Amino acid sequence: MTEHISNQITTAIRNVIGEKPAALHEPEFGELDYKNLISCLDTGYVSSVGEYVEKFEKSIEGYTGAKYAIAVVNGTSALHAALKIAGVGPMDEVLVPTLSFVATANAVMYCGAIPHFIDAEEEALGINIPKLRKYLQEYTIQANKVCINKLTKKIIRAIIPMHAFGHPVDMFELGKICEEFNILIVEDAAEALGSHYQGAHVGTFGVMGVLSFNGNKIITTGGGGAILTNNEEIAAKLKHITTTAKIKHVWEYRHDEVGFNYRMPNLNASLGCAQLARLTEKLEKKKKLHESYRQQFESVLGARLVTAKSGTMPNYWLETLVLSDELSSDLGSILIKLNDAGYMSRPVWTPLHKLRPYVIMPKMDLTVANSLEKRIINIPSSPNLSSRLT
Ligand SMILES: *Cc1c(COP(=O)(O)O)cnc(C)c1O
């Protein structure tokens, strides 16, 4: 059984990208990247001052349709700043999908708040919305327009939907629930630059949304992130708090609160401008690659390729297979086989509620996420693999 499915998956991948080894997701650099970096060096402004940061922010606003984008050092600090400005503080709880990268929960902890873990759904791997609704109905009460956890008596201030591997969460449904229960939405769109839901870019549905430009993401600034918002006042607060809360003045150093040095360096922003210019081309390449994988995996019983849900346009950041229940015990051998064949493949993150800092945190029943942990495989997804399509 194991032998059979391992061979089938390996063959399907080989039929798409050929014999040569392939990484999971590689960055791509072209002429413009080099040119921008050199121009930035030539200006002498490589860190917190310089024209590229604002240019990059404007380009992100233009691309995503968000009114404001604030560039920062990485996606994790973007999440931290966003939660802070959302008013998440000590003793608050924040609903966090257990199936996410550790940064989503860490950012909550940086605010002194408690991550409260919620379950995943099988199809697009995001938040399990029907289950969330029932859970909130049963375990929370409303008081003075805030949502209180009946068991812990703490305020559930916010929720962080994460668009897993670029697949959008159903933001309309989630929006309805959050409005009913008075919970703020801060989107973790770190993996989802280029993903759209009902025609709008993800990260623009919540009060704020967060992007990452880490080396493994769809575009990179080395390290980097951004916060999106449509609210002018929030944008001003975000800019202030991520730039040491310094009051604008030619020579004075005066800071009116404890700010953070989260500003994206100009050098990274110069790379970002060049990278963003090729995003559309990358998205097209990834779509082609996805289409090819989709055809190959149609005939592989027991391994479903995660694809676009209706109303969504994912960026296909990481191509994702979900094994059927019966094959969950074969995950290890499949991963060995794929990596031995030179096709870099990975399981999903360990669900956050199982990590040492988080085992004691509040959580709902997490059956789906616990099951998905044993059934998810990410396979080679670099945009340049589209040139190897046979
Ligand atoms: C990449 C990522 C982040 C942010 O990561 P940084 O490396 O700090 O830019 C946050 N959440 C998720 C789900 C991610 O994949």
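The model described here is a predicted one. The shell comprises 15 residues, and among these Gly-75, Thr-76, Glu-191, Ser-212 and Lys-217 come nearest to the ligand. Sorted by class, the shell contains eight polar, four nonpolar and three charged residues.

At Gly-75 the backbone takes part, with an N or O atom placed 2.8 Å from a ligand oxygen. Thr-76 uses its side chain instead, where an N or O atom is 2.5 Å from an oxygen atom of the ligand. For Glu-191, a polar side-chain atom likewise lies 2.5 Å from a ligand oxygen. Taken alone, the ligand would expose 380 Å², of which the protein buries 91%. As for the site itself, the ligand takes up the space of the second largest pocket.

Beyond the ligand, charged pairs deserve a look. Side chains of opposite charge can pair when their charged atoms come close. The structure holds 19 salt bridges, one of them between Glu-57 and Lys-239, whose closest N and O atoms are 2.8 Å apart. Glu-57 belongs to helix H3 (residues 51-64) and Lys-239 to helix H8 (residues 232-242), so this pair ties together parts of the protein that are 182 residues apart in sequence.

How values were computed
Residues are numbered from 1 along each chain as its sequence is written. This is a predicted model: local features need pLDDT of at least 70, side-chain atom pairs count only at pLDDT 80 or more; totals for chains, interfaces and linings use all residues. Side-chain values use heavy atoms; hydrogens and water are left out. A residue is near a molecule or strand if one of its heavy atoms lies within 4 Å of it. A polar contact is a pair of N or O atoms within 3.5 Å; within protein, one must be able to donate a hydrogen and the other to accept it, and residues adjacent in sequence count only if both atoms are side-chain atoms. Accessible areas come from the Shrake-Rupley method with a 1.4 Å probe; for residues, only the protein chains shown count as cover. On a 1 Å grid over the protein atoms alone, a cavity is a set of points where a 1.4 Å probe fits but cannot get out, and a pocket is an open set with protein on both sides within 12 Å along at least five of seven lines; lining residues have an atom within 4 Å of a point. A molecule sits in a cavity or pocket if more than half of its atoms lie within 2 Å of its grid points. Ala, Val, Leu, Ile, Met, Phe, Trp, Tyr, Cys and Pro count as nonpolar, Asp, Glu, Lys and Arg as charged, and the others, Gly among them, as polar. A salt bridge is a side-chain nitrogen of Lys or Arg within 4 Å of a carboxyl oxygen of Asp or Glu. Helices (H or I, at least four residues) and strands (E, at least two) are DSSP runs, numbered from the N terminus.
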